Amino acid sequence: AWNKQANILYFEPPAGVGFSTTKTQQQKIYNDNIVAQDSLVALLQWFKKFSQFRKNRLFIAGESYGGMYVPYFSNEILKWNSQHGGTEEQINLSGILVVNGITDFNIDFGSGVQDFYYMRALYGPELREKYENACLKNIQSADCDGYLQKIQDMTNGINVYDLYRKCSHRKTSKSKPFILRLSEPHPYPPPCFEDTGVIDFLNDSTIKAAMHMNSDIKWEMCEDFINKNYQMNSTGSVSYTHLRAHETPEHLVCRLLLEKKKYTT
C-alpha cells in the first residue's frame, strides 16, 4: 500500500484556519509571503520534533489557492537551502504539485472563467462573440459588465467544480464561483459543496482527541476574519521559471508542473 512507502503531513495555512491556531489573529498580517514564511517555520519545527523524517524526499502539493501557497512555500524552502548548503539543515525538497490552482490573477479572475464556461458549452457562440468584442477591448466597460452578467446568470446553479455532479443547494450555499468571491466575506461553504459531513466529523470530540487537537477549537470550512483581511499578491504566483532556476539533479523542483505558458492557455 502507498502508506507503507510515504507519509502525508497536512498544513492548514494561514495560521488560524481549520485546526491551526495563532494567539494574535486580530493583529496578524495575512499575505502570501508571510504564510510561506510561517509554513517554513512550522515545517522546521516539525522536523525538529520528528528528525527521523528529515532526510526523506519531500513533495509539496496543493489545490485551488494552493497555486499560490505551494510555489511561495517552495521558494522559501529553496532560499533556506541556499543559506544552509551542504549541512544537515537542508530540506530534501524533491517536487511540487499544483492541481486546479490559481497562478495568474489576470487570467484566473478574468478570461479564464469565461473560457472555461465556453469550452464546456455553458453558453453559446453568439454570446461569446459579444463578450469578446466588448471585454477584450475594455474589460471595465458597461457592455463588458453586461455580457459577464449574462454569462453568470446562465451558469447559476451549475457545479463549476464538477459539471457531472449535481450542485448541493443548501440554504447556505451560493452558486457564485469561489474564485470570483475570494475577497468577499462569506459565512458559507464554497458553492455546490455539501460541508455538513466534514464539519460534523472534524468537530466530533472523539475525532479531535484521536488527532490530538484542542477540544475548544471549532473547525469551520471558511474563516471570515482571515478571508476579509488576507492580502493577496495581485501579480500572481512565484514564477515557475524562477523555481526551475534552482533545479539540480538531486532537486528537480518543478518536474511535476506544466510550464506556466502551457498551463494558462
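User: In which strand does Asn31 lie, and is Asn31 buried or exposed?
Analyst: This is a predicted model, and in it Asn31 belongs to strand E1, residues 30–31. Its relative accessible area is 17%. The cut-off for buried is under 20%, so Asn31 of strand E1 counts as buried.

User: Which residues does Asn31 touch, leaving out residues up to four places away in sequence, and what separates the C-alpha atoms of Asn31 and Asn233?
Analyst: With residues up to four places away left out, Asn31 touches Tyr230 and Gln231. Asn233 is 202 residues from Asn31 along the chain.

User: How many helices and strands does the protein chain have, and in what pattern?
Analyst: Along the sequence the pattern reads β-α-β-α-β-α-α-α-α-α-α-β-α-α. The totals are 10 helices and 4 strands.

User: What share of the residues counts as buried, and what share of the contacts with a separation of 6 or more joins residues 24 or more positions apart?
Analyst: The protein chain has 265 residues, and 36% of them count as buried. Among contacts with a separation of 6 or more, the share from residues 24 or more positions apart is 63%.

User: Which cysteines form the disulfide, and what is its handedness?
Analyst: The structure holds 1 disulfide. It joins Cys135 and Cys144, whose sulfur atoms are 2.1 Å apart. The torsion about the S-S bond is about 110 degrees, so the disulfide of Cys135 and Cys144 is right-handed.

User: Are Cys135 and Cys144 buried or exposed?
Analyst: Buried requires under 20% relative accessible area. Cys135 has a relative accessibility of 6%, while the value for Cys144 is 0%. Cys135 therefore counts as buried, and Cys144 also counts as buried.

User: At what angle do helices H4 and H5 pack, and is their crossing left-handed or right-handed?
Analyst: Helix H4 covers residues 125–135 and helix H5 residues 142–155, with their axes 8 Å apart. The packing angle is about 145 degrees, and the crossing of H4 and H5 is left-handed.

User: Which residues make the contact between H4 and H5, and how many of each class are there?
Analyst: H4 contributes Leu127, Lys130, Tyr131, Ala134 and Cys135. H5 contributes Asp143, Cys144, Tyr147, Leu148, Lys150, Ile151 and Met154. By class, the contact of H4 with H5 comes to 9 nonpolar, no polar and 3 charged residues.

User: Is Arg128 buried or exposed, and which residues does Arg128 touch beyond four places in sequence?
Analyst: Arg128 is part of helix H4. A relative accessibility of 12% is the reason why Arg128 counts as buried. Not counting residues up to four places away, Arg128 touches Gln114, Asp115, Tyr118 and Tyr123.

User: What is phi of Ala121, and where does Ala121 lie?
Analyst: Ala121 is exposed because its relative accessibility is 65%. Although Ala121 is not a glycine, its phi is positive, at about 60 degrees. Ala121 lies in the loop between helix H3 (105–119) and H4.

User: Where does His212 lie, and is His212 buried or exposed?
Analyst: His212 is in the loop between helix H7 (205–210) and helix H8 (224–229). Its phi is positive, near 60 degrees, in a residue other than glycine. At 73% relative accessibility, His212 counts as exposed.

User: Is the peptide bond from Pro13 to Pro14 cis or trans?
Analyst: Pro14 is placed in the segment before E1. Omega for the bond from Pro13 to Pro14 is near -5 degrees, and the peptide bond is cis.

Definitions and conventions
Residues numbered from 1 in each chain as written. Predicted model: local features only at pLDDT ≥ 70, side-chain atom pairs only at ≥ 80, totals over all residues. Heavy atoms only, no water. Disulfide = S-S within 2.5 Å. Buried < 20%, exposed > 50% of the residue type's maximum accessible area, 1.4 Å probe, protein only. Axes fitted to C-alpha atoms, helices over the stretch in contact; angles between N-to-C directions. Helix = DSSP H or I, 4+ residues; strand = E, 2+ residues; numbered from the N terminus. Left-handed = near helix turned anticlockwise from the far one by under 90°. Contact = heavy atoms within 4.5 Å. Nonpolar A, V, L, I, M, F, W, Y, C, P; charged D, E, K, R; others polar.
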